[in-house]
Amino acid sequence: MGQLAPSILSADFSKLGQHISLIEQGGADYVHMDIMDGTFVPNITFGGPVVKSMVGKTAVPFDIHLMVVRPELRIPDFATPQTAYITVHQEACTHLHRVIQQIKGLGIKAGVALNPATPETTLDYVLEDLDLVLVMSVNPGFGGQKFIPSAMDKIRRLDKIRKERGLSFKIELDGGANLQNAAELTAAGVDILVAGSAVFGAEDIPQRVRDFKALIK
Ligand code: DX5
Ligand code: ZN
């Protein structure tokens, strides 16, 4: 059964609390929070103070996606009591194994994200330590981009690897998800679907969350 993690990158930041309540009403499983540093990706979004201000304002757990260089310096800022996952980019970590242990040491599930051009084989030696692999299906940095089809192949390969090796990491897909491709992505192995513009661009946000959930259940 698939879960939905609406990305607040596409929410109205002046109404962040209200927009998180709307996705909660629709039954969102996680709030996906995109942290961008202006160096790893061209944009800057928000940091620890904004994330901490949301603790206790919603019951929905946080799914933190760190698009930052040297994530080991930033991880403690996002280790709130409501943080379910912290995901770092493979491309941003010189010592990936150590960073994964750092996240887990804080009692938080650890994820690693792969840019569209990064092969899943780069994770061969850490898959056993991982709770989540995030497959980027757009180049990170912006919402509302077009789905890159090769991500589908990467999902299928990761799903095959976890079955063959008897591993239990979740597969998350981020970028260009919509009502048209949601069911196919779930069938290919996606456990957690991130959707930004396709959720917050809707007139009726709770209903859009329910529509997604019906497709990925
Ligand atoms: C992109 C972010 C995504 C983004 C997805 O760098 O990591 O989470 O919000 O947006 P959509 O769903 O609009 O492609
Ligand atoms: Zn993201």
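Predicted model: local features only at pLDDT ≥ 70, side-chain atom pairs only at ≥ 80, totals over all residues.
**Stop 1: strand β3.** Select residues 62–67. Six of the six residues are buried, so β3 is largely enclosed by the rest of the structure. Side chains in a regular strand alternate between the two faces of the sheet.

**Stop 2: the strands beside β3.** β2 pairs with β3 in the parallel sense, over six bridges. Pick M33 in this pairing; its bridge partner in β3 is I64. β4 runs parallel to β3, and five bridges join them. Select I64 again: its bridge partner in β4 is I86. Then select L66, whose bridge partner in β4 is V88.

**Stop 3: the crossover.** Show helix α2, residues 48–53, together with β2 and β3. The three elements make a β-α-β unit, and its hand is right-handed.

**Stop 4: a loop residue, Q82.** Select Q82, in the loop between β3 and β4. Is Q82 buried or exposed? Its relative accessibility is 13%, under the 20% cut-off, so Q82 counts as buried. Display what surrounds it. Beyond its neighbours within four places in sequence, Q82 is in contact with M54, V55, G56, T58, A59, V60, P61 and F62. Take A59 from that set: Q82 and A59 are 23 residues apart in sequence, and their C-alpha atoms are 8.3 Å apart in space.

**Stop 5: the whole sheet.** Zoom out and show the strands as a cartoon. This is an open sheet of eight strands with parallel pairing, in the order β1-β8-β7-β6-β5-β4-β3-β2. Which strands stand at the edges? They are β1 (3–6) and β2; each has a single partner strand, so one side of each is left without a neighbour in the sheet. Look along the sheet for the twist, which averages 25° from one strand to the next.

**Stop 6: helices on the sheet.** Select α3, residues 96–105. α3 packs on the sheet and touches β4 and β5 (109–114); its direction makes about 145° with that of β5. Move on to α7. This helix also packs on the sheet, touching β1 and β8 (192–195), and its direction makes about 145° with that of β1.

**Stop 7: V112 in strand β5.** Select V112, which is found in β5. V112 has a relative accessible area of 0% and is buried. Residues up to four places away in sequence aside, V112 touches T87, V88, Q90, L96, I100, L123, L130, L132, V133 and L134.

Stop 8: Select S137, in the loop between β6 (132–136) and α4 (150–165). S137 counts as buried at 0% relative accessibility. Show its contacts: leaving aside neighbours within four places in sequence, they are K146, F147, I148, A151, L173, D174 and G175.

**Stop 9: A195 in strand β8.** Select A195, whose place is in β8. Its relative accessible area is 1%, and A195 is buried. Not counting residues up to four places away in sequence, A195 touches L4, A5, P6, S7, A177 and F212. Then pick M136. A195 and M136 lie 59 residues apart in sequence and 12 Å apart in space, C-alpha to C-alpha.

**Stop 10: the α1–α7 pair.** Finish with two helices. A helix pair is described by the angle between the axes and the distance between them. Select α1 (residues 16–26) and α7 (residues 205–216): they pack at an angle of about 40°, with their axes 7 Å apart. The two helices are therefore oblique to each other. α1 passes α7 in a right-handed crossing. Which residues make the contact? From α1 come H19, L22, I23, Q25 and G26; from α7 come I205, P206, V209 and R210.

Methods
Residues numbered from 1 in each chain as written. Chains lettered and ligands numbered in written order. Heavy atoms only, no water. Buried < 20%, exposed > 50% of the residue type's maximum accessible area, 1.4 Å probe, protein only. Helix = DSSP H or I, 4+ residues; strand = E, 2+ residues; numbered from the N terminus. Pairing = 2+ DSSP bridges. Right-handed = clockwise from strand over helix to strand, strands pointing away. Axes fitted to C-alpha atoms, helices over the stretch in contact; angles between N-to-C directions. Parallel < 35°, antiparallel > 145°, perpendicular 65-115°, else oblique. Left-handed = near helix turned anticlockwise from the far one by under 90°. Contact = heavy atoms within 4.5 Å.
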